[in-house]
Amino acid sequence: RLPSITPPLTTIALAPNGGIFADLIGAELAAQGYTIVDTGATLALLVFAHMAQHDILDPDVMAMLKGRGIDAVLIVRKVDGTDRLPQTVHLRLHRTATMAEVGGVDWQNSWFRRGMLESAQEIAAAMSTDARASDAVNSDQPHAAASNGSEP
């Protein structure tokens with residue numbers, strides 16, 4: 001079991017380069033109680049601030065997002081298989097306050113091929129279920145799972 005991230009993350013911005021798949025994961029996380037800033041809204045924030053989307057982890061960008069009430073940025077990288085279904089997905093969650101990676105999920109499609117929606121549901125569940133189970137007695141708020149067990 002992975003311990004929760006303290007303080008808990010409530011508002012997560014999706015990095016624009018994650019595209020529609022990141023938005024699907026975001027919709028699943030929103031259903032679990034997180035406030036999600038979708039890829040389009042994150043891109044709009046970057047454009048209005050005259051910042052490039054490939055600089056999403058730049059300290060100035062992270063400070064701007066934190067100033068807008070965003071706790072973390074979720075970066076989603078997906079590689080499709082020959083059947084055009086997700087083959088591998090790598091997610092990394094970066095806290096805006098500390099500008100550090102606080103968690104992540106590495107997911108791979110199995111022989112029973114999952115489509116985009118099923119993949120997004122499974123990945124979103126992996127991000128939060130373990131952390132909630134280990135912290136259920138301490139809080140009712142949703143948390144994301146930390147990959148290394150604690151925040152730096």
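Author: Begin with one residue. R92 is partly exposed, at 25% relative accessibility. Salt bridges with shared partners join R92, E101 and D106 into one network. Keep in mind that this is a predicted model.

Reader: Why can charged side chains pair at all?

Author: Opposite charges can pair when the charged atoms of their side chains come close. Here is a case. D106 and R92 meet in a salt bridge, 2.9 Å from N to O. D106 lies in strand β5 and R92 in strand β4, so the pair ties together parts 14 residues apart in sequence.

Reader: Is D106 buried or exposed?

Author: Exposed counts as over 50% relative accessible area. D106 has 51%, so D106 counts as exposed. R92, at 25%, falls in the partly exposed class.

Reader: How many salt bridges does the structure hold?

Author: Five. One of them joins D83 and R113, with the closest N and O atoms 2.8 Å apart. This pair links distant parts of the chain. D83 sits in the loop between β3 (72-80) and β4 (86-95). R113 sits in the loop between β5 (100-108) and α4 (116-135). The two residues are 30 residues apart.

Reader: What is the relative accessible area of D83?

Author: It is 37%, so D83 is partly exposed. R113 has 26% and is partly exposed too.

Reader: Which residue forms a salt bridge with R114?

Author: E122 does. The closest N and O atoms of that pair are 2.6 Å apart. E122 is partly exposed, at 32% relative accessibility.

Reader: Which residues does T42 touch?

Author: Leave out residues up to four places away in sequence. T42 then touches A13, L14, P16, V37 and I56.

Reader: Which residues make the nonpolar surface patch?

Author: L43, V47 and F48 make the patch, and its area is about 310 Å². Take L43 as the example. L43 is found in helix α2. Its relative accessible area is 34%, so L43 is partly exposed.

How values were computed. Residues are numbered from 1 along each chain as its sequence is written. This is a predicted model: local features need pLDDT of at least 70, side-chain atom pairs count only at pLDDT 80 or more; totals for chains, interfaces and linings use all residues. Side-chain values use heavy atoms; hydrogens and water are left out. A salt bridge is a side-chain nitrogen of Lys or Arg within 4 Å of a carboxyl oxygen of Asp or Glu. Helices (H or I, at least four residues) and strands (E, at least two) are DSSP runs, numbered from the N terminus. Buried means under 20% relative accessible area, exposed over 50%, partly exposed in between (1.4 Å probe, protein chains only). Contact means heavy atoms within 4.5 Å. Patches are made of residues with over 30% relative accessible area and no salt bridge: like charges are joined within 9 Å, nonpolar side chains (Val, Leu, Ile, Met, Phe, Trp, Tyr) within 5 Å. Accessible areas come from the Shrake-Rupley method with a 1.4 Å probe; for residues, only the protein chains shown count as cover.
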